[in-house]
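Start with the sequence and the model.

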Amino acid sequence: MQGVTTKHPDYENNLAIWTKIRDTIKGEEAIKDKGTDYLPAFVPADADRYTQYITRAYFLGVTGRTRDALTGMVFRKPPVYDMPDTMLDIIENIDGAGQSLEQIAKAACNDLISVGRYIFFVDYPMTDEGVRTLKDEKELSLQPTIICYPAESLINWKTITVGGKTMLSLAVLKEAYDTSENEFEHETDYQYRVLRLVDGFYTQAVYDENGEPIIEEFQVLAGGAPLDHIPLHICGSENNKPGISKAPLHDLAILNIAHYQTTADHRENLYIHGQLTLGISTDLDWETFKAANPSGVMVGARKGHFLGNNGAFHSVTAPESSILSKELTDLENKMIMIGARLIQRGGQTETAEAARINASAEASTLDNIVSNLSEALEAALEDCARFMKLDPEKVFFALNKEFWEGSIDYNTAMAVIQLGDASIVAKSDQRRMLRTGKIGIEEGRTDEEIDAEIGEQGI
């Protein structure tokens, strides 16, 4: 009989995918530490040769660099938010562990780009003491916190439909906690935080790995009243439903590992075929040859050898295979197509407009991620407001969607100038277009206003 440690089938189906992506993001050390998980062993086994084989291979850190670049595109401008003044006190320590609202947003963005899933859990400390005012809350250090969990922590969940709306009825979070017996040890164990809807209201309990309660189930109050939903907000790359979204970097991680495997074969090939193979022909019998060359045959200009009548050296160097080299190039080009633009060949230039066109697919994915993350964090902040007895309708949060600088390309700039030369737009219209990078007349600006301004310019 399974208990609190039971894992959702979709969780088990995706765990290996998440692990692969996270390993490729960590880079060469993590990949090589996994040994044959990512670089198959020789058949028959040859431990010494395999050690050299894996040492010569190199891992190109494309997946991690791509994630960092895409997150950088989102946070090139700070997020925009609005909330009751009372809530501003908590955003610099929103998780209760010193992280600000923007910091947890960056961590979430990293994971959404990587594995396509992140979890925000809004918690509020319970106390038996009477809390009547904001002053009481501050004196007792009571404040709601948004606790962040990676995809791997939410091991199980269930949903119900209420009034046509799908909502969580169960969520099980696997948490690590410190079990060290002294200040120098680093021992951890796991507990399971179970969030439920019971008779339409939110409860919480904590269990050990044997299913024994560490904290008995209790009803959580928000603003003095029971909460009618579980304050757990699942954010996905495709949508914010409890089901698991596709991991955006999965395809890139697969190619990144294939590239690593190909470098191992390529460098093994170079090592083997770069060695000189020496052959000797002679009329001497074996015993006579050994007597004439007691130290064996040593290659070098300062060493002579007696080979007898008709004796000769023959050296062979096998040609390098070009197939592996071509495969490496093909894999790199495929990674570029998927979104790893940071490994594009040096010296290749492109206009700002070409960059936008070439990155349109990844921008579409990134745009969706940003929308979902903004929505999930806003919902989490709304729950914070409920715990603080504030109006959740006054909460707003949105991440930046202007992923590129608004610079205008040469051809568009020339078109803007020509519009002015033809007296279609005024100078102020031209300057606005050049600043924003967008062609168009400002909304509400009439033809009469434009013509009047052009007339004043003496055109």
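A residue is buried when its relative accessible area is under 20%, exposed when it is over 50%, and partly exposed in between (1.4 Å probe, protein chains only). By that cut-off, 38% of the 459 residues of the protein chain count as buried. The model is predicted: local features need pLDDT of at least 70, side-chain atom pairs count only at pLDDT 80 or more, and totals for chains, interfaces and linings use all residues. Residues are numbered from 1 along each chain as its sequence is written, and side-chain values use heavy atoms, with hydrogens and water left out.

**Whole chain**

The protein chain holds 14 helices and 14 strands. Helices (H or I, at least four residues) and strands (E, at least two) are DSSP runs, numbered from the N terminus. The accessible surface of the protein chain is about 25,800 Å², and 50% of it belongs to carbon and sulfur atoms. That area comes from the Shrake-Rupley method with a 1.4 Å probe. A contact means heavy atoms within 4.5 Å. Among contacts between residues at least 6 apart in sequence, 66% join residues at least 24 apart.

**The sheet around β2**

Three strands form an open sheet in the order β3-β2-β11, with antiparallel pairing. Its edge strands are β3 and β11, each pairing on one side only. Neighbouring strands are turned by 25° against each other on average, direction ignored. Helix α5 (residues 101-114) packs on this sheet and touches β2, β3 and β11. The direction of α5 makes about 150° with that of β2. Axes are lines fitted to C-alpha atoms, for helices over the stretch in contact; angles run from 0 to 180 degrees between N-to-C directions.

Two strands pair if DSSP finds at least two bridges between them.

| Partner of β2 | Residues | Bridges | Direction |
|---|---|---|---|
| β3 | 145-150 | 6 bridges | antiparallel |
| β11 | 232-236 | 5 bridges | antiparallel |

Tyrosine 118 stands opposite proline 150 in β3. Phenylalanine 121 has isoleucine 147 of β3 as its bridge partner. On the β11 side, isoleucine 119 faces isoleucine 234.

**Burial of β2**

Why is strand β2 largely enclosed by the rest of the structure? Of its 7 residues (117-123), 7 are buried, so the strand is largely enclosed. In a regular strand the side chains alternate between the two faces of the sheet. Both faces of β2 are covered. Arg117, Ile119, Phe121 and Asp123 are buried on one side, and Tyr118, Phe120 and Val122 on the other.
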